[in-house]
Amino acid sequence: AQDPSWQICIVVEGQFDALAIGGCAIMSNQISEKQSWLLSKLERKIIYVPDRDIAGMEGIEKALSYGYSISIPPYWDSSVKDVNDAVSKYGKFPTLLSIIQHATTSAAKIKIYKDKIL
């Protein structure tokens with residue numbers, strides 16, 4: 001359900017997360033090669049937003065290997081475990097804005113963000 005005019009595809013783990021922001025759910029914490037191939041057909045920037053737990057953090061390396069940006073907004077409250085929680089707490093637009101603003105491929109930034117969660 002990705003609009004052809006969109007320039008970004010936000011990839012999340014669960015269906016409810018995807019529905020909350022118009023993203024794409026992978027139904028796991030690891031993006032498979034087939035899913036990566038399908039995402040490449042969209043021909044747009046891909047931002048992976050992992051769930052804010054240990055399992056979610058495990059999918060980051062795989063997403064980076066596919067050339068995706070990672071977004072772990074650092075100021076989301078500790079009660080926010082995933083994108084759906086963020087939308088419930090902050091609203092759709094602020095959640096999307098924070099995801100886009102914090103998208104990075106920098107290993108140093110990603111490590112800092114991960115360390116705050118773990």
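## Basis

The model is predicted, so local features need pLDDT of at least 70 and side-chain atom pairs count only at pLDDT 80 or more, while totals for chains, interfaces and linings use all residues. Residues are numbered from 1 along each chain as its sequence is written, and side-chain values use heavy atoms, with hydrogens and water left out.

## Strand pairing

Helices (H or I, at least four residues) and strands (E, at least two) are DSSP runs numbered from the N terminus. Two strands pair if DSSP finds at least two bridges between them.

Strand β3 (residues 45–48) runs parallel to β1 (residues 8–12), and 4 bridges join them. Within this pair, I46 of β3 is opposite C9. β3 also pairs with β4 (residues 69–71), again in the parallel sense, over 2 bridges. There Y48 has I70 of β4 as its bridge partner.

## Loop residues with positive phi

M27 is not a glycine, yet its phi is positive, near 60°. The residue sits in the loop between β2 (24–25) and α2 (33–40). M27 counts as exposed because its relative accessibility is 52%; the classes are buried (under 20% relative accessible area), exposed (over 50%) and partly exposed (in between), with a 1.4 Å probe and protein chains only.

E43, also not a glycine, has a positive phi of about 55°. Its place is the loop between α2 and β3. With a relative accessible area of 72%, E43 is exposed.

## Helix α5

Helix α5 spans residues 83–90, and its buried residues are V83, A86 and V87. They lie on the same side of α5 because they cover an arc of only 100° around the axis, the arc being that of the directions from the helix axis to the C-beta atoms. Elements covering these buried residues include β1, α1 (15–21) and α6 (92–101), where contact means heavy atoms within 4.5 Å.

At the N-terminal end, D82 caps α5, with a side-chain oxygen 3.2 Å from the backbone nitrogen of N84. After α5 comes G91, with a positive phi near 100°.

## Largest pocket

The largest pocket holds about 230 Å³ of space. Of its 13 lining residues, W6, I8, I10, L96 and I100 are the closest to the centre. β1 and α6 are the elements that give two or more residues to the lining. α6 has the largest share, 4 residues.

A pocket is an open set of points on a 1 Å grid over the protein atoms alone, where a 1.4 Å probe fits, with protein on both sides within 12 Å along at least five of seven lines; lining residues have an atom within 4 Å of a point. Grid points are joined across faces, edges and corners, and the volume is the space filled by probe spheres set on the points.

Key:
A polar contact is a pair of N or O atoms within 3.5 Å; within protein, one must be able to donate a hydrogen and the other to accept it, and residues adjacent in sequence count only if both atoms are side-chain atoms.
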